[in-house]
Amino acid sequence: MSRPVTIYAEMTPNPKTMKFVADHMLISSGEIVEFLSPSDSKGYSTLADALFNFPFVTKIFIAQNFVTVTKNDMIEWSDVSLEMRDFIREWLMENEEAVQKIPEQSKIEVVSESQTKTTNISPVINTEMDKKIVDLINEYIQPAVEQDGGAIHFQSYNEDNGQVTVVLKGSCSGCPSSTATLKGGVENLLKSHIPEINEVVALNG
């Protein structure tokens, strides 16, 4: 039995990524999932499985009441956004659960010019300073990042050099403007609250 569902599409700061917002929750509050290939989503999200059937889809990110879809360069969003919106709406009308299981995403691949290496992204929260940074990110930064179809997570703080490392996911990962946002917004906010912080760097999920 189908149910009424409303979906609207939003552009994000990342031109390769479109955010599709539903009128109900797609995943438990606070949980996020990101799939970088069809094999990643098998057994975890039948919605992601379905979206990967589109040949231009390269990445799926699901959080709260939205799904962020990243495409390759073979097609423009102006040509497919309506089709994608209708597909997601019809899928959600017929299916109860967008995500069946949360994968353990403790590692990401960090790609540099010379090599690809896997980095553990399990956050290191040991000190009061770590907790203070996490609280600031959750209260002031994460809501704005989610508006743009992405997510930001604390990974670690190095007290020796005052460097905070975060992980960017969804539309923020690989976005041309994410570096400016990171330096201009995230870094300035954290520095203003915690003078010991010198720099914020990001790993793209």
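A residue counts as buried when its relative accessible area is under 20%, and Lys-59, at 10% relative accessibility, is therefore buried. The model is predicted. It holds five aromatic pairs and seven salt bridges. The points below take up the ring contacts and then the charged pairs.

**Aromatic pairs**

- Ring pairs join Phe-20, Phe-54, Phe-56, Trp-77 and Phe-87 into a cluster.
- Within the aromatic pairs, Phe-54 and Phe-56 have ring centres 5.5 Å apart and planes at 50 degrees, so this pair is tilted.
- Phe-54 and Phe-56 are both buried.
- Phe-56 also pairs with Trp-77: the ring centres are 6.5 Å apart and the planes stand at 85 degrees, so the pair is edge-to-face.
- Phe-56 belongs to the loop between helix 2 (46-51) and strand 4 (57-63), while Trp-77 belongs to helix 3 (residues 77-94), so their contact ties together parts that are 21 residues apart in sequence.
- The relative accessible area of Phe-56 is 5%, which makes Phe-56 buried.
- Trp-77 has a relative accessibility of 4% and is likewise buried.

**Charge over a ring**

- The charged end of Lys-19 sits over the ring of Phe-66, at 4.6 Å from the ring centre.

- Glu-34 and Lys-59 form a salt bridge through their side chains, with an N to O distance of 3.9 Å.
- Glu-34 is buried at 4% relative accessibility, and Lys-59 is buried at 10%.

**Salt bridge between Arg-85 and Asp-86**

- Arg-85 and Asp-86 form a salt bridge in which the closest N and O atoms are 3.5 Å apart.
- Arg-85 is partly exposed at 28% relative accessibility, and Asp-86 is partly exposed at 27%.

- In the salt bridge of Glu-187 with Lys-191, the closest N and O atoms are 3.4 Å apart.
- Both Glu-187 and Lys-191 lie in helix 5 (residues 178-193), where they are four residues apart, about one turn of the helix.
- Glu-187 is buried, with 9% relative accessibility, whereas Lys-191 is partly exposed, with a relative accessible area of 31%.

Definitions and conventions. Residues numbered from 1 in each chain as written. Predicted model: local features only at pLDDT ≥ 70, side-chain atom pairs only at ≥ 80, totals over all residues. Heavy atoms only, no water. Phe/Tyr/Trp six-rings, centres within 6.5 Å; stacked < 30°, edge-to-face > 60°. Buried < 20%, exposed > 50% of the residue type's maximum accessible area, 1.4 Å probe, protein only. Helix = DSSP H or I, 4+ residues; strand = E, 2+ residues; numbered from the N terminus. Lys NZ or Arg CZ within 6 Å of the ring centre and 35° of its normal. Salt bridge = Lys/Arg side-chain N within 4 Å of Asp/Glu carboxyl O.
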